[in-house]
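Have the structure open while you read.

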Amino acid sequence: MIVNYNPDLEESLIQGYIKTFAGEPWNEIWEHQWVLDRVRWISSVPNFIGKVAVENGEVVGALLGYTLPFKGKLNFDIVELFVLPSSQGNGVGKSLIKELEKTLPLDNGNVIHLITAKESDSETFYKKCGYERNEHLCVMAHVGNE
């Protein structure tokens, strides 16, 4: 079942996030507080939209992001989309995207953006959902010293 994000789902969402991003292709370590800070920040941004997949009372996937006005249209930035490894391949991710597209129809020029790992299962998934790699844009970063 897909529901709108609410703070009652926060702890289950955090646990799902940590489990998901510990696996391929990310292999990342996320501490509870880091995810809590990230989720609370994203959900506090104006025009936040959050869709959460819940099975048996537990979060198995989520899509979090926000809209930004752009030339009379709306751009939606997917900041996070994850599905627990045990639920991947069952249509959960596609359902989350379809729910987002009901909220933000694309038929009037609105655009959905996201960043994902190149040449990964994630990129393949998004391509199956109708997304394309943007040949005109690249992601750049300037990382400070630790």
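How do the residues that line the second largest pocket divide into nonpolar, polar and charged? Keep that in mind for point 1, and remember throughout that this is a predicted model.

1. To take the question head-on: the lining of the second largest pocket divides into 17 nonpolar, 11 polar and 7 charged residues. The volume of this pocket comes to about 800 Å³. It has 35 lining residues, and if you want to centre your view on it, go to W26, L81, S122, F125 and Y126, the ones closest to its centre. As for the elements behind that lining, two or more residues each come from α1 (10-22), β4, α3 (92-103) and α4.

2. Now the largest pocket, which holds about 970 Å³ of space. Its lining is made of 26 residues, with L114, I115, E132, R133 and N134 lying nearest the centre. Here the elements giving two or more residues are β4 (73-83), β5 (111-114) and α4 (121-128). The top contributor is β5, which gives 4 residues to this lining.

3. The class make-up of the largest pocket is worth a look too. Its lining has 13 nonpolar, 4 polar and 9 charged residues. Two of the residues nearest its centre to look at here are E132 and R133.

4. On to the backbone. Most residues other than glycine have a negative phi. N27 is not a glycine, yet its phi is positive, at about 50°. You'll find N27 in the loop between α1 and α2 (32-44). With a relative accessible area of 45%, N27 counts as partly exposed.

5. N56 is another one to check: it has a positive phi of about 50° and is not a glycine either. Look for N56 in the loop between β2 (48-55) and β3 (58-70). How much of N56 is accessible, in relative terms? The figure is 83%, so N56 is classed as exposed, the cut-off being over 50%.

6. Last, the cysteines. How many disulfides does a search of the whole structure find? The count is 0. C129 is buried because its relative accessibility is 18%, and the limit for buried is under 20%. C138, on the other hand, is exposed, with a relative accessible area of 60%.

Terms used. Residues numbered from 1 in each chain as written. Predicted model: local features only at pLDDT ≥ 70, side-chain atom pairs only at ≥ 80, totals over all residues. Heavy atoms only, no water. 1 Å grid on protein atoms, 1.4 Å probe; cavity = no way out; pocket = protein on both sides within 12 Å on 5 of 7 lines; lining within 4 Å. Points joined across faces, edges and corners; volume = space filled by probe spheres on them. Nonpolar A, V, L, I, M, F, W, Y, C, P; charged D, E, K, R; others polar. Buried < 20%, exposed > 50% of the residue type's maximum accessible area, 1.4 Å probe, protein only. Disulfide = S-S within 2.5 Å.
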